[in-house]
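Here is a briefing for a reader new to this structure. Look through the sequence and the 3D view, then read on.

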Amino acid sequence: MNLSHNSATSAQALICSTGFALVVAVVVLESVASCGAAAVETSVKVVPAPAVPASTPLYTGNREPLLPSPFIQLPIRSIIPKGWVRHQLELEAQGMTGRLPEISKWCKFEGNAWADPRGQGHSGWEELPYWLKGYGDLGYVLNNPEIIKNARKWIDAVLASQEADGWFGPRSLKTSLEGKPDLWPHMVMCNVLQSFYEYTGDERVVPFLTEYFKWLNTQPGANFGAGYWPKIRFGDNVETVYWVYNRTGESWLLELAKRIHDNMQDWTTGIHDWHNVNLAQGFREPGVYYQQAREEKFLRAAENNYDILMGLYGQFPGGGFAGDENCRPGYTDPRQGFETCGFVEFMHSFEMLTKISGNPLWADRCEDIAVNSLPAALTPDLKGLHYLTCANQVQLDKNNKSPEIQNGGTMFSYSPYERYRCCQHNVSHGWPYYAEELWLATADHGLCASLYAASEVTAKVGTGTSVKIAEETDYPFGDTVTLKISAAQRAKFPLYLRIPRWCTDASVKINGQAVRCAARPLAYVVLEREWKDGETVSLRLPREVRLQKWEKNDNAVSVSYGVLTFSLKIGERWERCGGTEAWPELEVFPTTPWNYGLVVDEKKPAKSVKVVKWDGGPLPAQPFTPATAPIELRVPAKRIPQWKQDSQGLVGKLQLSPVKSEQPLETVTLIPMGAARLRITAFPVIGEGKDAQEWKAEK
Ligand SMILES: [Zn+2]
């Protein structure tokens, strides 16, 4: 074991393992005049991951012998989300998550096994913890007193339910797996309590979790490998065990974490289970355990799991994969779906791996799902969701689509009800967790703008002084991020700016003056200087139209502009198919043609694609609808008449491109994928000549 191991090194290696060239930090020292004041020296570096110095971080990070974390999550109240992210949170508060007790029996307090001091009652499984995990955090990030109060009622009840042996919550779970405990729902409730502690500092939480883990430590190893869900998802608990260890230093917790790792599903030797949510949260486990194992092979195992999964099933845009319950060989077309639980769990995994590895690729992946996929999993008012979101999905009706979609019954129409029971509750943490990760503390006493969005962060930096940074941006709909620093006294600290993988020409200004830096995709620009009140940093992330070819899906192409991927704008007809006036279930049908192939110059896509931007006013509050999409693309296209929906309403599978079409040339409009609930995102390419294929009518 190499005790001087520096995790920045492993992040470099990790980036290499994904095909990105090893980069060496470039240090350019120069003077930048600041607002007419005396020149202040600024150190400018471009690094693949943050440095991890030996000094103690300003926030609670990993305690030895765990590897130090390059990034550390800030206390929840440090970040105030603004702009479109805040609006998603506000819609969530007014929508299904904020009002779920009105319509979910699992969230009824009266008689609930999670609310009873003796753990007796109804609904003692994953649903209540799933909902509370995001609901509490929603209250914390919005500083919404009513939500915080309602969450607290549940949390107080859970904290009052502990038995002498450390077990808490529903007593039925203690024996519900053929006499053995079902340990899965407790993993989720642990997350609820971690956030509650981070927000309140409540002194009950750490001893409570310690007592629970003492009980868990009495269990035979076989119990960590029991049950379908628990054994695959036990990495969730490993993360919480480390969280408690970092606050108490009790070394038996690390022995417990090792026993869990050794006995649970082995995720270090590739993928052995193909359930979509298990994959989305399970794949990361070796990356979490890497902090204890201190060997790069564990971090690589998580990356390898991701690569295997996405190589086989993620061959279309949006950041998800074809897992409409399980991944199935032969079902890899972009019409296959990904569960809403899968999206939010994948995001949570990427957020964790960003902090553990320092590798900005994970933040990129998180952002990809957040802006391209999660919004369309929900109705624009966040009052309903569907189980499955697909990159190509032209009709959201309630009818059965099995066996082409694995599950029978309703999977596509929107509903706020128990029809999609897990997602109905679990979707809650998607946006709150995202808002909590906009800014991260760095191990070297700085701050990182990790996920760009309008926000305000107040945090300790340098030698412990507090600064506030206001982030103004329309990102991802705009290309400029402006950071305004407020500080009562000068503070020397490094400011990390993430350069996304698609941006080859990023530029930085300090107080209006250009900073020379060789900013590269998938790196951080680090600006270290003695910052003072009123200074500004401006980051420009120029975007260009890009085509991505999906060779494993018949040479289809998708079009992106910055992080945003674009889908065909399809006319929508919304029809209520159930529910109530207040809580409708909704189907969506297409009112305009969707069966287009694109006529594009694959080498010079910018030539054939016109970008039409919002006219300069403030962004619409909810940018994720066809009517309010802040950017549109105009692209030449031709229809493919033989490409149709099948008898179950499912969009026909892609066929090999280039494709012949005798139809007239038209100009179609594409909108951001997140705004397109009906969408074609992986398009056939229209071609001519010998290579062009005739589209065969489906039988
Ligand atoms: Zn679900």
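Which residue takes a positive phi in the hairpin of S13 and S14? Asn511 does, with phi near 50 degrees, and the hairpin has two residues between the strands. This is a predicted model: local features need pLDDT of at least 70, side-chain atom pairs count only at pLDDT 80 or more, and totals for chains, interfaces and linings use all residues. Residues are numbered from 1 along each chain as its sequence is written, and side-chain values use heavy atoms, with hydrogens and water left out.

- Strand S13 covers residues 507–510. Strands (E, at least two residues) and helices (H or I, at least four) are DSSP runs, numbered from the N terminus.
- Side chains alternate along S13.
- Buried means under 20% relative accessible area, exposed means over 50%, and partly exposed lies in between (1.4 Å probe, protein chains only).
- In a regular strand the side chains alternate between the two faces of the sheet.
- S13 pairs with strand S14 (residues 513–515) in the antiparallel sense, over three bridges. Two strands pair if DSSP finds at least two bridges between them.
- Val508 is placed opposite Val515 in S14.
- S13 also pairs with strand S16 (residues 536–540), antiparallel over four bridges. Here Ser507 faces Arg540 in S16.

**The zinc site**

- Four residues coordinate the zinc ion: Glu339 (OE), Cys341 (SG), Cys422 (SG) and Cys423 (SG), at 2.0 to 2.3 Å.
- Donors are N, O and S atoms within 2.8 Å of the metal (3.2 Å for Na, K and Ca); water is not among the atoms, so sites may look incomplete.
- The site is tetrahedral, with angles of 92 to 120 degrees among the four donor atoms. Four donors count as tetrahedral if all angles lie between 85 and 135 degrees.
- Along the chain, the donors follow the spacing E-x1-C-x80-C-C.
- Distant parts of the chain are linked here: Cys341 in helix H13 (residues 340–357) and Cys422 in helix H16 (residues 421–426) are 81 residues apart.
- Both Cys341 and Cys422 are buried.

**Cysteines without a bond**

- The structure holds zero disulfides. A disulfide is a pair of cysteine sulfur atoms within 2.5 Å.
- Cys190 is in no disulfide, and the nearest cysteine sulfur, that of Cys341, is 18 Å away. Cys190 is buried, with a relative accessible area of 0%.

**Nonpolar cores**

- The largest nonpolar core has 210 residues. Phe346, Trp439 and Leu497 have the most contacts inside it.
- Another core lies apart from it, with seven residues, among them Leu440, Cys448, Tyr524 and Val526.
- A nonpolar core is a set of buried Ala, Val, Leu, Ile, Met, Phe, Trp, Tyr and Cys residues joined through side-chain atoms within 4.5 Å.
- Leaving aside neighbours within four places in sequence, Phe346 has contacts that include Ala280, Phe283, Tyr306 and Ile369. Contact means heavy atoms within 4.5 Å.
- In soluble globular proteins, nonpolar side chains tend to be buried together.

**Leu586 in strand S21**

- Leu586 lies in strand S21 (residues 584–590). Leu586 is buried, with a relative accessible area of 18%.
- The C-alpha atoms of Leu586 and Asp397 are separated by 8.1 Å, and the two residues are 189 residues apart along the chain.
- Beyond neighbours within four places in sequence, Leu586 is in contact with residues including Thr379, Leu396, Tyr414 and Trp574.

**Enclosed elements**

- Strand S24 (residues 631–639) is largely enclosed by the rest of the structure, because seven of its nine residues are buried.
- Three bridges join S24 to strand S22 (residues 596–598), and the two run antiparallel. Tyr596 is opposite Arg639 in S24.
- Four bridges join S24 to strand S23 (residues 610–613), also antiparallel. Lys613 has Ile631 as its bridge partner.
- S24 pairs with strand S25 (residues 666–672) over five bridges, in the antiparallel sense. Ala637 has Glu666 of S25 as its bridge partner.
- Helix H11 (residues 285–293) is largely enclosed as well, because nine of its nine residues are buried. Among them are Glu285, Tyr289 and Gln292.
- Arg294 follows H11 and has a positive phi, near 60 degrees.

Technical notes:
Tetrahedral: all angles 85-135°; square planar, octahedral: opposite > 155°, others 65-115°.
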